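Colleague: I would like to learn how to read strands and helices in a model. Please take one feature at a time.

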Amino acid sequence: MSDDAYGATVAKRRLSRRLAALRSRSGLSVNEASDKLGWRRGRLNRIEANDWRLPEGSFIRDLARIYGASEEDSAELEDLTRRASARPWWRSYEDVFGKNNEFPGFENDAAKISVYLPLVVPGLLQTPAYIESLMGAGPRPGQWRKRALEARLRRQRILDRTDGTAPRLVAIVTEAALLYQWGSPEDCRAQIARLAAMSRRPHIEIRLLRLAGGHHPGMISQANMFEFPDDEDPSVVYLETDSGIQEASKAGDVAHYTTVFSQCRDAALTPTATTTYLEKLAETVG
C-alpha cells in the first residue's frame, strides 16, 4: 500500500470488532482465550479495544483457530489484516499525534468530515502562515511546531484526491475566528481568501457563523466528526484541546455532537452567502 493507507484505520477497527464477536460466539472469555494461546493478560483486551498498533498475522490466525472460525470468517479476517497492516505516514508523527492515536487515520478514511471549532479555523483549511502563528502562541518547543506544521499540511492533502476517495467536508467557521489580529494583513487576507476558494469546491461546504447572529448552539463546544463509506463502520468524534486530541466514540456522545453540529449548521449562513461574505471580507480585513 501507499503511505496514504486509505482504509487501513477503519479496517483495523473492524478487525477488532470481528475478533470480539467471534470470541463471544465461541463461548470463550477473554482470559480463557488468552490461556489457550499462552498469552499474557491484557493483550487480547487491547486487541478487542482497538488499542493496538498493527495486527500480527500469526496472532489473528491463532485466534481464528481457537474460535472455530469458518472459511468465510477466516478469509475476511485475512483481508482485514492485510488492509490494516499498512504503515501510513502518520505513524512517523507520534510526537505530534500521540502513540496509537487514530485521529489522522479516521480523518484519512472518512467519507464525510464535519468540523466545528468556535475560535479557530479548522486545520484542514488553514494556511501555513496561520498554522505557524497559531502554534507559535502555544507552549510547545520549536521542533515540535515544525513537525506539527508538516503533519497538518500533509493531512490537508486528502482534500486534493482525484481518485474518488476525497471526503466531503462540512466546516462551520465563526466570524470571531477570522477577526483575531495575527501575522500581517496580507496573511489574514490570504487565510480568508483560502476559505473562499475552498468553499467553491464541489465536495466542500463552508458555513459562517456571524457575530451579528448572537448566541448560537455550540458556543462552548467543538468537534471533528468522521463518517465512513460503509454504514457498518460507526461514526467517531474527536475533540481537539491544547493538550491533545481525544476520541469520543460512545454512541451517546456521537449523537450529542451530531445534534449540536446540526444546530450550528442551521444557525450559520448558507454556503453561497458564506462564500460571498468571505470574498468581501478578504478585501477589507487587516
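Colleague: Which strands form a hairpin, and how many residues lie between them?

Modeller: β5 and β6 form a hairpin with four residues between them. Strands here are DSSP E runs of at least two residues, helices are H or I runs of at least four, and both are numbered from the N terminus. This is a predicted model, where local features need pLDDT of at least 70, side-chain atom pairs count only at pLDDT 80 or more, and totals for chains, interfaces and linings use all residues. Residues are numbered from 1 along each chain as its sequence is written, and side-chain values use heavy atoms, leaving out hydrogens and water.

Colleague: How many bridges join β5 to β6?

Modeller: Two strands pair if DSSP finds at least two bridges between them. Four bridges join β5 (residues 236-240) to β6 (residues 245-248), and the two run antiparallel.

Colleague: Which residues stand opposite Y238?

Modeller: N224 stands opposite Y238, and E247 is the bridge partner of Y238 in β6.

Colleague: Why is β5 described as largely enclosed?

Modeller: Four of its five residues are buried (under 20% relative accessible area, with a 1.4 Å probe and protein chains only), so β5 is largely enclosed by the rest of the structure.

Colleague: Which residues make the contact of α4 with α5?

Modeller: Contact means heavy atoms within 4.5 Å. G57, I60 and A64 of α4 meet S74, L77 and T81 of α5. By class, the contact has three nonpolar, three polar and no charged residues; Ala, Val, Leu, Ile, Met, Phe, Trp, Tyr, Cys and Pro count as nonpolar, Asp, Glu, Lys and Arg as charged, and the others, Gly among them, as polar.

Terms used. Buried < 20%, exposed > 50% of the residue type's maximum accessible area, 1.4 Å probe, protein only.
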